[in-house]
Amino acid sequence: MIFTDMHAHLLCGVDDGARDEATMLAMLDASYRDGVRRLCATPHFQPDFYGDNAAAREEAFARLSAYAKEHYPDLVLSLGNEVGYRTECLEDLRQGRCLMLGGRYVLLDFPADVSLFIMENAFSRFFSGGYRVILAHVERYGALLGKYRLLREWQDYGVAFQMTASYITLPLPAFERKHRKKLLSSGLIGMVASDGHDLAARPMGLSEAYGVLSRTYGQADADRLLYHTPNRVLNGESI
Ligand SMILES: [Fe+2]
(Lines give C-alpha, C1' and ligand atoms only; values in the text may rest on other atoms or scores of the structure.)
Protein backbone atom coordinates (compact mmCIF):
# COMPACT_ATOMS: atom_id res chain seq x y z
CA MET A 1 0.00 0.00 0.00
CA ILE A 2 1.20 3.52 -0.69
CA PHE A 3 0.27 6.65 1.23
CA THR A 4 -0.01 10.40 0.89
CA ASP A 5 1.09 12.47 3.89
CA MET A 6 -0.33 15.99 3.76
CA HIS A 7 0.89 17.29 7.13
CA ALA A 8 4.52 16.95 8.27
CA HIS A 9 7.20 19.13 9.85
CA LEU A 10 10.33 17.66 8.35
CA LEU A 11 11.87 20.90 7.05
CA CYS A 12 14.69 21.91 9.37
CA GLY A 13 15.43 25.42 10.61
CA VAL A 14 11.87 26.71 10.29
CA ASP A 15 9.83 25.59 13.31
CA ASP A 16 9.71 22.89 16.00
CA GLY A 17 10.14 20.10 13.41
CA ALA A 18 13.42 18.47 12.29
CA ARG A 19 16.22 19.83 14.46
CA ASP A 20 18.95 19.61 11.80
CA GLU A 21 19.66 18.62 8.20
CA ALA A 22 20.45 14.98 9.01
CA THR A 23 17.15 14.59 10.88
CA MET A 24 15.22 16.15 7.99
CA LEU A 25 16.69 13.67 5.52
CA ALA A 26 16.27 10.73 7.91
CA MET A 27 12.60 11.68 8.37
CA LEU A 28 12.12 11.58 4.63
CA ASP A 29 13.90 8.19 4.48
CA ALA A 30 11.60 6.85 7.20
CA SER A 31 8.51 8.17 5.46
CA TYR A 32 9.48 6.62 2.12
CA ARG A 33 10.35 3.28 3.75
CA ASP A 34 6.93 3.34 5.40
CA GLY A 35 5.19 3.62 2.02
CA VAL A 36 4.67 7.36 1.51
CA ARG A 37 4.93 8.34 -2.17
CA ARG A 38 3.45 11.81 -1.95
CA LEU A 39 4.26 14.23 0.81
CA CYS A 40 3.44 17.85 1.53
CA ALA A 41 5.86 19.56 3.90
CA THR A 42 3.80 21.86 6.12
CA PRO A 43 5.97 24.04 8.36
CA HIS A 44 4.11 26.23 10.86
CA PHE A 45 3.15 29.66 9.62
CA GLN A 46 2.98 31.54 12.89
CA PRO A 47 5.07 34.72 12.67
CA ASP A 48 4.49 35.73 16.30
CA PHE A 49 6.07 32.46 17.43
CA TYR A 50 8.50 31.35 14.68
CA GLY A 51 9.24 34.72 13.09
CA ASP A 52 9.38 35.22 9.34
CA ASN A 53 10.44 31.74 8.22
CA ALA A 54 9.43 32.05 4.55
CA ALA A 55 12.98 32.21 3.12
CA ALA A 56 14.20 29.37 5.37
CA ARG A 57 11.13 27.36 4.33
CA GLU A 58 11.95 27.72 0.62
CA GLU A 59 15.66 26.94 1.13
CA ALA A 60 15.03 23.82 3.23
CA PHE A 61 12.42 22.61 0.74
CA ALA A 62 14.88 23.06 -2.15
CA ARG A 63 17.50 20.97 -0.32
CA LEU A 64 14.92 18.30 0.56
CA SER A 65 13.69 18.20 -3.05
CA ALA A 66 17.23 17.75 -4.39
CA TYR A 67 17.80 14.85 -1.97
CA ALA A 68 14.46 13.25 -2.91
CA LYS A 69 15.13 13.59 -6.63
CA GLU A 70 18.40 11.74 -6.25
CA HIS A 71 17.23 8.98 -3.88
CA TYR A 72 13.47 8.64 -4.45
CA PRO A 73 12.57 9.67 -7.98
CA ASP A 74 9.01 8.32 -7.62
CA LEU A 75 8.27 10.46 -4.56
CA VAL A 76 6.17 13.58 -5.19
CA LEU A 77 6.95 16.45 -2.84
CA SER A 78 5.12 19.73 -2.35
CA LEU A 79 5.27 22.66 0.04
CA GLY A 80 2.45 24.15 2.09
CA ASN A 81 1.96 25.57 5.56
CA GLU A 82 0.12 24.76 8.73
CA VAL A 83 -1.48 28.09 9.48
CA GLY A 84 -1.71 29.10 13.14
CA TYR A 85 -4.93 31.11 13.30
CA ARG A 86 -4.73 34.82 13.96
CA THR A 87 -6.83 37.61 12.52
CA GLU A 88 -4.08 38.67 10.09
CA CYS A 89 -3.65 35.25 8.50
CA LEU A 90 -6.21 35.82 5.74
CA GLU A 91 -4.16 38.78 4.55
CA ASP A 92 -1.02 36.61 4.74
CA LEU A 93 -2.77 34.08 2.48
CA ARG A 94 -3.95 36.74 0.04
CA GLN A 95 -0.43 38.16 -0.18
CA GLY A 96 1.09 34.69 -0.68
CA ARG A 97 3.19 34.93 2.49
CA CYS A 98 1.67 31.72 3.74
CA LEU A 99 0.94 28.73 1.57
CA MET A 100 -2.09 26.59 0.92
CA LEU A 101 -1.92 22.83 0.33
CA GLY A 102 -3.54 22.50 -3.08
CA GLY A 103 -6.16 24.70 -4.75
CA ARG A 104 -7.72 26.80 -1.96
CA TYR A 105 -7.21 24.31 0.89
CA VAL A 106 -5.84 25.78 4.12
CA LEU A 107 -4.49 23.55 6.91
CA LEU A 108 -5.63 25.44 9.99
CA ASP A 109 -4.30 25.11 13.53
CA PHE A 110 -5.52 26.62 16.82
CA PRO A 111 -4.23 26.44 20.40
CA ALA A 112 -5.54 23.27 22.07
CA ASP A 113 -7.68 25.34 24.49
CA VAL A 114 -9.35 27.44 21.78
CA SER A 115 -13.03 28.25 22.24
CA LEU A 116 -15.79 27.10 19.89
CA PHE A 117 -16.65 30.75 19.26
CA ILE A 118 -13.16 31.54 17.92
CA MET A 119 -13.15 28.45 15.73
CA GLU A 120 -16.56 29.17 14.27
CA ASN A 121 -15.65 32.78 13.64
CA ALA A 122 -12.44 31.72 11.89
CA PHE A 123 -14.24 29.19 9.66
CA SER A 124 -16.74 31.83 8.64
CA ARG A 125 -13.96 34.28 7.71
CA PHE A 126 -12.11 31.65 5.66
CA PHE A 127 -15.25 30.60 3.80
CA SER A 128 -16.11 34.25 3.07
CA GLY A 129 -12.64 34.58 1.58
CA GLY A 130 -13.24 31.60 -0.72
CA TYR A 131 -10.91 29.22 1.13
CA ARG A 132 -11.50 25.59 2.07
CA VAL A 133 -10.63 24.71 5.66
CA ILE A 134 -8.96 21.56 6.95
CA LEU A 135 -8.84 21.56 10.74
CA ALA A 136 -5.47 20.08 11.73
CA HIS A 137 -5.34 17.36 14.42
CA VAL A 138 -9.02 17.55 15.34
CA GLU A 139 -8.39 15.22 18.29
CA ARG A 140 -6.38 17.90 20.11
CA TYR A 141 -9.13 20.41 20.94
CA GLY A 142 -10.73 20.05 24.36
CA ALA A 143 -13.77 22.11 23.35
CA LEU A 144 -14.70 19.48 20.73
CA LEU A 145 -14.95 16.53 23.11
CA GLY A 146 -18.47 15.13 22.77
CA LYS A 147 -19.50 17.80 20.26
CA TYR A 148 -20.30 15.40 17.43
CA ARG A 149 -23.46 17.15 16.29
CA LEU A 150 -21.57 20.43 15.99
CA LEU A 151 -18.73 18.71 14.12
CA ARG A 152 -21.29 17.27 11.70
CA GLU A 153 -22.72 20.76 11.16
CA TRP A 154 -19.26 22.13 10.48
CA GLN A 155 -18.56 19.23 8.13
CA ASP A 156 -21.80 19.96 6.25
CA TYR A 157 -20.70 23.61 6.11
CA GLY A 158 -17.48 22.49 4.42
CA VAL A 159 -14.86 22.04 7.16
CA ALA A 160 -12.75 18.87 6.83
CA PHE A 161 -11.14 17.22 9.84
CA GLN A 162 -7.64 15.74 9.87
CA MET A 163 -6.59 13.20 12.51
CA THR A 164 -3.00 12.40 13.53
CA ALA A 165 -1.82 8.89 12.61
CA SER A 166 -0.16 8.23 15.99
CA TYR A 167 -3.44 9.06 17.79
CA ILE A 168 -4.97 6.03 16.07
CA THR A 169 -2.33 3.62 17.37
CA LEU A 170 -1.46 5.05 20.80
CA PRO A 171 -2.86 3.60 24.04
CA LEU A 172 -5.33 6.18 25.38
CA PRO A 173 -7.38 6.65 28.56
CA ALA A 174 -10.93 5.28 28.31
CA PHE A 175 -12.71 8.59 27.66
CA GLU A 176 -10.33 9.39 24.82
CA ARG A 177 -10.64 5.91 23.33
CA LYS A 178 -14.37 6.56 23.17
CA HIS A 179 -13.78 9.96 21.53
CA ARG A 180 -11.42 8.45 18.96
CA LYS A 181 -13.86 5.67 18.13
CA LYS A 182 -16.75 8.10 17.80
CA LEU A 183 -14.78 10.40 15.48
CA LEU A 184 -13.63 7.54 13.25
CA SER A 185 -16.81 5.47 13.18
CA SER A 186 -19.08 8.42 12.40
CA GLY A 187 -17.34 9.38 9.17
CA LEU A 188 -16.29 12.75 10.56
CA ILE A 189 -12.61 12.29 9.78
CA GLY A 190 -11.62 13.30 6.27
CA MET A 191 -7.94 12.46 6.29
CA VAL A 192 -5.13 11.06 8.44
CA ALA A 193 -1.60 12.49 8.38
CA SER A 194 1.59 12.03 10.36
CA ASP A 195 2.11 15.58 11.69
CA GLY A 196 5.64 14.19 12.05
CA HIS A 197 8.11 16.39 13.94
CA ASP A 198 11.06 14.04 14.54
CA LEU A 199 12.15 10.41 14.37
CA ALA A 200 10.86 9.14 17.71
CA ALA A 201 8.33 11.11 19.77
CA ARG A 202 6.25 12.39 16.84
CA PRO A 203 7.34 10.16 13.94
CA MET A 204 6.47 10.12 10.24
CA GLY A 205 4.92 6.65 9.89
CA LEU A 206 1.44 6.01 8.50
CA SER A 207 1.43 2.25 7.90
CA GLU A 208 0.63 1.28 11.48
CA ALA A 209 -2.44 3.53 11.48
CA TYR A 210 -3.40 2.12 8.09
CA GLY A 211 -3.28 -1.41 9.52
CA VAL A 212 -5.53 -0.50 12.46
CA LEU A 213 -7.99 1.40 10.27
CA SER A 214 -8.27 -1.29 7.62
CA ARG A 215 -8.80 -4.02 10.25
CA THR A 216 -11.37 -1.96 12.15
CA TYR A 217 -13.23 -0.01 9.47
CA GLY A 218 -12.27 -1.79 6.24
CA GLN A 219 -9.67 -1.22 3.57
CA ALA A 220 -11.79 1.20 1.54
CA ASP A 221 -12.02 3.59 4.49
CA ALA A 222 -8.30 3.29 5.26
CA ASP A 223 -7.49 4.02 1.60
CA ARG A 224 -9.79 7.03 1.65
CA LEU A 225 -8.16 8.50 4.77
CA LEU A 226 -4.50 7.88 3.91
CA TYR A 227 -4.44 8.09 0.15
CA HIS A 228 -7.47 9.19 -1.89
CA THR A 229 -8.69 12.24 0.05
CA PRO A 230 -5.22 13.66 0.80
CA ASN A 231 -4.43 13.31 -2.91
CA ARG A 232 -7.58 15.18 -3.84
CA VAL A 233 -6.65 17.96 -1.42
CA LEU A 234 -3.13 18.29 -2.82
CA ASN A 235 -4.61 18.25 -6.36
CA GLY A 236 -6.99 21.05 -5.34
CA GLU A 237 -10.01 18.85 -6.12
CA SER A 238 -13.23 18.80 -4.13
CA ILE A 239 -13.50 16.20 -1.38
FE1 LIG B 1 1.46 20.20 12.61
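This report describes a helix, a helix pair and the cysteines of a predicted model.

## Basis of the model

Local features are reported at pLDDT of at least 70 and side-chain atom pairs only at pLDDT 80 or more, whereas totals for chains, interfaces and linings use all residues. Residues are numbered from 1 along each chain as its sequence is written, and side-chain values use heavy atoms, with hydrogens and water left out.

## Helix H1

Helix H1 (residues 21-34) has 14 residues and spans 20 Å from its first C-alpha to its last, close to the 20 Å expected at 1.5 Å a residue, where the expectation is 1.5 Å times one less than the number of residues. Helices (H or I, at least four residues) and strands (E, at least two) are DSSP runs numbered from the N terminus.

Buried residues (under 20% relative accessible area, 1.4 Å probe, protein chains only) of H1 are Thr-23, Met-24, Leu-25, Met-27, Leu-28, Asp-29, Ser-31 and Tyr-32. Their cover includes strand E2 (36-41), helix H3 (54-71) and strand E4 (76-79), and just after H1, Gly-35 takes a positive phi of about 115°.

## Helices H5 and H6

The axes of H5 (residues 116-128) and H6 (residues 148-157), come within 12 Å and cross at roughly 10°; these axes are lines fitted to C-alpha atoms over the stretch in contact, with angles from 0 to 180 degrees between N-to-C directions. H5 and H6 are therefore roughly parallel to each other, a term for angles under 35 degrees.

## Cysteines

The structure holds zero disulfides, a disulfide being a pair of cysteine sulfur atoms within 2.5 Å. The sulfur of Cys-40 lies 12 Å from its closest cysteine sulfur, in Cys-98, too far for a bond, and Cys-40 is buried at a relative accessible area of 0%.

Key: Parallel < 35°, antiparallel > 145°, perpendicular 65-115°, else oblique. Buried < 20%, exposed > 50% of the residue type's maximum accessible area, 1.4 Å probe, protein only. Contact = heavy atoms within 4.5 Å.
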